[in-house]
Amino acid sequence: MNERATLLTGSKAAVANLPDRLHHLERAIELARGRLDAEVIGYAEHVVGKATDRLKFGTHHSVVAMLGATGSGKSSMTNAILGSDVATTGVRRPTTSSTLACTWGSTDSSRLLDWLEIKNRHTVTDGSTELDGLVLLDVPDHDSVQVEHRLEMERIAEHADLLLFVTDPEKYADAALHHYLSLLSRHGAVTAVILNKADTLTNDELQACRTDLARLLLADGVGNATILTASATTGLGVPELKKLLADLLAQHELALARLDADATVAASDLAAEAGPPVSTSLPKDVVDNLAAELVGASSLETVSGAVAKGYKRDAASATGWPVTKWVRKLRPHPLRRLHLGSGSSGPTTMPAPSPASSARVSAAVRNASDAATARLPEPWPTVVRNAAVPHTDALHDAVDSTIARSVRERSKNSPTWWNGVRALQGLVFVAMMVGIVWLIALAAAGFFAFGDIPIPTIGPIPVPTGLALGGALLGWLIALIAGRFAEVGANRRARQVRKDAAENMVSVARTHVLDPIEAELASRRQLTDALRDAGARWPEGLE
Ligand SMILES: Nc1nc2c(ncn2[C@@H]2O[C@H](COP(=O)(O)OP(=O)(O)OP(=O)(O)O)[C@@H](O)[C@H]2O)c(=O)[nH]1
Ligand SMILES: [Mg+2]
């Protein structure tokens with residue numbers, strides 16, 4: 001009794017928080033869905049469902065199930081506790097084929113028994129109060145050829161608040177018994193093992209048997225369960241058993257203690273799957289590395305080359321020698337070909353990513369995700385990678401539109417010096433044309449012998465010739481010098497575009513890859529927090 005009292009009182013604080021803990025467990029289930037093992041999640045869901053249902057029936061009744069091999073004396077012991085032959089006993093094996101419920105006291109247990117799906121019911125109204133609230137179940141065996149008996153036993157073992165295992169000197173070491181004891185050991189529901197048929201042994205034999213059973217129980221993980229030696233036939237140990245039950249019932253917490261233990265098992269199983277509750281964050285260089293890889297795998301180099309060429313061509317159009325600059329317009333504009341020319345918007349016609357650059361992007365995304373989960377066990381590396389490997393098309397589109405935005409932003413305005421040079425070229429061109437027209441007029445006058453027309457000169461050079469030749473030479477010279485400046489400007493603009501795009505690529509990396517990774521890591525953190533609040537115990541060394 002003392003051991004069990006410890007067992008129950010030990011969980012008192014946790015028991016008081018049961019609804020809270022179930023709430024946290026529910027939250028953990030939601031977070032684990034799609035991430036952790038479906039079977040483990042399924043068990044946790046079952047526990048939450050069972051606990052919610054069981055709590056509806058209150059804690060007045062405590063359901064105590066007698067479990068054991070066929071012929072161990074479960075029905076006989078039930079009768080011994082009852083003090084009358086209600087349960088059917090017999091030598092025919094197996095005897096009990098459906099569970100019998102015996103309820104002590106006048107409080108109605110029918111809804112609870114409906115939930116437990118028990119039809120055979122007996123109410124004890126002998127006026128005694130010490131076992132008030134006890135619902136004692138005489139359950140079919142777990143080891144006969146009747147499979148449905150075993151299934152019924154397992155169902156009851158899962159739903160009862162406390163379990164009493166009944167065994168005898170012949171069967172106490174059976175594998176089946178110890179299989180169930182080990183299985184249920186984590187659920188804190190195994191209360192006592194009754195070594196029945198004590199009347200068939202001598203005192204020494206009984207002691208030896210009891211010692212051996214204690215050793216086996218320890219190995220099963222239920223070393224704190226009470227061993228009661230008893231005999232249903234002679235009544236030996238029956239008063240002690242009734243006293244044990246009365247003491248437990250007085251605590252009115254048996255249902256809560258069982259559900260609490262179940263919640264701990266469910267949360268701990270999820271915790272073992274989820275791994276240690278360590279907080280993880282992205283290493284700082286991951287963002288920069290990923291952004292650099294996105295840039296490296298993109299068409300930025302090609303596009304910035306086109307930016308430089310486009311700049312030079314636009315500069316030449318604005319500042320070139322008017323006589324020859326039209327020739328350039330015959331060739332397609334390098335930026336307009338990519339649908340990136342000034343004033344453009346919407347989708348571009350940048351080259352589709354090559355298989356090599358797609359592979360480089362995928363590898364970079366994988367590296368980022370692996371760096372984020374370096375300290376985490378499976379399934380997190382896989383879960384996070386799946387979240388990080390986004391729809392590749394969306395990532396490529398984002399990279400392209402980032403480059404396009406950088407190009408368009410930088411190409412919006414032409415440099416002001418182009419206008420000055422354009423005006424100057426216009427003037428020079430007009431001067432040249434004046435000179436040419438003048439020369440033509442002079443030639444025509446000579447041809448028609450209009451006589452001598454005075455020609456003004458500047459020094460030795462006649463003005464019309466000076467205008468025509470000087471204008472041509474100056475125009476060509478201006479174009480040449482402007483071309484040199486355009487070269488510098490073109491390189492600078494290409495550099496700016498590369499710099500802008502590289503900077504903006506950080507936010508592409510964040511939005512499309514790192515945010516999903518961090519969201520997954522945050523979910524994991526919430527999950528381990530919820531599990532801790534639900535009372536999970538992590539495997540040794542992980543906490
Ligand atoms: N000598 C002796 N025989 C007992 C004792 N308890 C039960 N028996 C006998 O053991 C046989 C089986 O008892 P039951 O109570 O029917 O066993 P059970 O565990 O309910 O068996 P199933 O219903 O088949 O699972 C009966 O013949 C009982 O008379 C006991 O303490 N001493
Ligand atoms: Mg029976």
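Predicted model: local features only at pLDDT ≥ 70, side-chain atom pairs only at ≥ 80, totals over all residues.

1. Residues are numbered from 1 along each chain as its sequence is written, while chains are lettered from A and ligands numbered from 1 in the order in which they are written.

2. The protein has 18 helices and nine strands, these being DSSP runs numbered from the N terminus (H or I over at least four residues for helices, E over at least two for strands). Along the principal axes, the C-alpha atoms fill a box of roughly 160 × 40 × 40 Å.

3. Of the 543 residues, 41% are buried, a class that requires 20 or more other C-beta atoms within 10 Å of the residue's own, with exposed meaning 12 or fewer, partly exposed lying in between, and C-beta atoms placed from the backbone. Among contacts with a separation of 6 or more, 79% join residues 24 or more positions apart, a contact being two C-beta atoms, placed from the backbone, within 7 Å.

4. The protein is divided into domain 1 (1-58 + 253-274), domain 2 (60-252) and domain 3 (285-416 + 490-533), with bounds from an automatic or database domain assignment. Domain 1 gives 18 residues and domain 2 gives 21 residues to the contact between them. On the domain 1 side, α1 (2-10), α4 (38-56) and α11 (254-274) each give two or more residues, and α11 gives the most, with seven.

5. Around ligand 1 there are 24 residues, of which the closest are G73, S75, S76, P94 and T96; a residue is near a molecule if its C-beta atom, placed from the backbone, lies within 6 Å of it. Helix α5 (residues 74-82) provides the largest share of this shell, three residues.

6. L244, in helix α10 (residues 238-250), counts as partly exposed because it has 19 C-beta neighbours inside 10 Å. L244 and D370 are 126 residues apart in sequence and 56 Å apart in space, C-alpha to C-alpha.
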